[in-house]
Amino acid sequence: MGDTLSSYPYVKVRLACRRCGRKGSYSLARLADKYRAEIRLTDLLGNLAGDCRLWEPRHPAMARCGAYFADLDFPLPPPDLPTEGQHRLKIIRGGKDKAR
């Protein structure tokens, strides 16, 4: 699949947010008329979810908006902190490869 609205595979464009649960549904034809069919999906996402207070957070450590196209198979963002099932990082003293 391409990265423009004209290559979107469905007639409804559904958005959702991983952070706040916000959801929305838009007509593909209306979006193409308003933003043009060749708009990049990342730019379209910014136009549709850009009013979110987390879209461009003021502090770099703040979580960013989690908006995504719900019907497209985008990977989940990596977690910020380790969870229970993850192992702690190990410190390796010396840092040199002994095979050299």
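Me: Is Y8 buried or exposed?
Reply: This is a predicted model, where local features need pLDDT of at least 70, side-chain atom pairs count only at pLDDT 80 or more, and totals for chains, interfaces and linings use all residues. Residues are numbered from 1 along each chain as its sequence is written, and side-chain values use heavy atoms, with hydrogens and water left out. Buried means under 20% relative accessible area, exposed over 50%, and partly exposed in between (1.4 Å probe, protein chains only). Y8 has 5% relative accessibility, so Y8 counts as buried.

Me: How does Y10 count?
Reply: Its relative accessibility is 41%. Y10 therefore counts as partly exposed.

Me: How many aromatic pairs are there, and of what kind is the pair of Y8 and Y10?
Reply: Rings of Phe, Tyr and Trp (its six-membered ring) pair if their centres lie within 6.5 Å; planes under 30 degrees apart are stacked, over 60 edge-to-face, the rest tilted. The structure holds two such pairs. The ring centres of Y8 and Y10 are 6.2 Å apart and the planes stand at 75°, so this pair is edge-to-face.

Me: With which side chain does the side chain of T4 make a polar contact?
Reply: T4 has 14% relative accessibility, so T4 counts as buried. A polar contact is a pair of N or O atoms within 3.5 Å; within protein, one must be able to donate a hydrogen and the other to accept it, and residues adjacent in sequence count only if both atoms are side-chain atoms. At 3.0 Å, the partner of T4 is S6.
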